[in-house]
Amino acid sequence: MVKNTVRSASSMDPTIPGKLLRLLFHDCFVEGCDASILLEGNGTERSDPANKSLGGFSVIENAKRVLEIFCPFTVSCADIVALAARDAVEFAGGPNVQIPTGRRDGRISLTTNVRPNIVDTSFTMDQMINIFTIKGLSLDDLVILSGAHTIGSAHCNAFSDRFRVDTNGNFTLIDPSLDKAYATELTKQCPAGAATSTITVKNDPQTPQLFDNQYFKDLIEHKGLFQSDSVLFNDIRTKERVMEFANDQDGFFRSWSQSFVRLSMLGVKSGEDGEQNFICTEFKTFS
């Protein structure tokens with residue numbers, strides 16, 4: 001039922017797969033994969049500025065409504081978020097991944113927990129490694145899961161500090177790890193003076209709606225949209241893995257399948273540690 005909901009939504013809006021995949025990352029890295037990102041209200045994870053650009057919520061809510069009709073009180077919101085992200089990748093051309101279910105929904109959702117636990121687009125390699133290590137994920141997981149950026153989009157203010165265009169139209173490349181021609185193209189999509197928090201750009205300029213290994217090819221061509229992307233090819237610790245995936249899509253898909261399962265199981269609640277929510281935006285207990 002989740003798969004049908006994802007397929008229907010993605011057919012009408014091709015940006016949905018990227019949104020659902022990003023939603024899982026932002027859920028699992030904060031308080032674990034417990035659907036705490038779905039809670040609406042002041043002071044919740046969802047209200048943090050870092051999460052204001054998230055999307056795909058309606059897909060989760062629609063899937064939950066259908067499930068409650070046909071199999072009430074059976075599938076948690078946390079499972080739906082994980083399954084929807086899994087199905088989104090497959091719909092976009094990626095591998096079908098079997099993931100465990102049985103997640104319980106969390107009881108805590110606090111905006112103060114967001115920033116210390118998510119990767120910022122300006123992070124250095126060491127900063128990203130630190131976050132992933134805390135989560136129990138490896139350096140290899142970092143490279144593989146960064147491949148999620150083969151779909152989706154980003155607001156201009158997430159990368160516009162990598163170049164500058166003055167009032168006279170003069171272009172300056174600030175981050176030399178970014179291809180100059182690509183950066184020039186980005187300035188056209190994110191013109192000076194425009195509302196950079198509202199304009200979006202595709203993460204992958206070549207095949208933006210297809211889950212493939214093009215992301216890694218982009219990195220080799222110095223066309224990683226974020227600083228946190230570019231560093232994967234520039235750092236000796238991850239460069240070889242990037243090159244491997246750029247030349248072997250099947251190998252990337254096999255590795256993705258394993259790392260995705262680990263991502264989807266981060267901090268999973270079970271038994272009395274969690275609960276089963278009837279409405280995903282309204283938690284029974286909130287503290």
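Modeller: Cysteine 28 and cysteine 33 form a disulfide (a pair of cysteine sulfur atoms within 2.5 Å), with their sulfur atoms 2.0 Å apart. Please keep in mind that this is a predicted model, in which local features need pLDDT of at least 70 and side-chain atom pairs count only at pLDDT 80 or more, while totals for chains, interfaces and linings use all residues. Residues are numbered from 1 along each chain as its sequence is written, and side-chain values use heavy atoms, with hydrogens and water left out.

Colleague: Is the link of cysteine 28 and cysteine 33 right-handed or left-handed?

Modeller: The link is right-handed, with 120 degrees about the S-S bond. Both cysteine 28 and cysteine 33 are buried, where buried means under 20% relative accessible area, exposed means over 50%, and partly exposed is in between, with a 1.4 Å probe and protein chains only.

Colleague: How many disulfides does the structure hold?

Modeller: There are 3 disulfides. Another of them joins cysteine 77 to cysteine 280, with an S to S distance of 2.1 Å, and this link is left-handed at -95 degrees about the S-S bond. The pair links distant parts of the chain, 203 residues apart, since cysteine 77 is in helix α4 (residues 77–91) and cysteine 280 is in the segment after α11; helices (H or I, at least four residues) and strands (E, at least two) are DSSP runs, numbered from the N terminus.

Colleague: And what does cysteine 156 pair with?

Modeller: A disulfide joins cysteine 156 to cysteine 190, S to S 2.0 Å, and it is left-handed with -75 degrees about the S-S bond. Here cysteine 156 lies in the loop between β1 (153–155) and β2 (163–165), whereas cysteine 190 lies in the loop between α7 (180–189) and β4 (200–202), 34 residues apart. Cysteine 156 is buried at a relative accessible area of 0%, and cysteine 190 also counts as buried, at 8%.

Colleague: What is the pairing, numbering the bonded cysteines in sequence order?

Modeller: The pairing is 1-2, 3-6, 4-5.

Colleague: On to the rings, then. How many aromatic pairs are there?

Modeller: The structure holds 15 aromatic pairs. Rings of Phe, Tyr and Trp (its six-membered ring) pair if their centres lie within 6.5 Å, and planes under 30 degrees apart count as stacked, over 60 as edge-to-face and the rest as tilted. Phenylalanine 216 and phenylalanine 252 form an edge-to-face pair, 5.0 Å centre to centre with 70 degrees between the planes. Phenylalanine 216 lies in helix α8 (residues 214–220) and phenylalanine 252 in helix α11 (residues 249–264), so the pair ties together parts that are 36 residues apart in sequence.

Colleague: Are phenylalanine 216 and phenylalanine 252 buried or exposed?

Modeller: Phenylalanine 216 is buried, at a relative accessible area of 0%, and phenylalanine 252 counts as buried at 0% as well. Ring pairs link both into a cluster, whose members include Phe211, Tyr215, Trp256 and Phe260.

Colleague: Which charged end sits over the ring of phenylalanine 57?

Modeller: The charged end of arginine 46 sits over that ring, 3.6 Å from its centre; the criterion is that NZ of Lys or CZ of Arg is within 6 Å of the ring centre and within 35 degrees of the ring normal. Likewise, the charged end of lysine 239 sits over the ring of phenylalanine 233, 4.8 Å from its centre.
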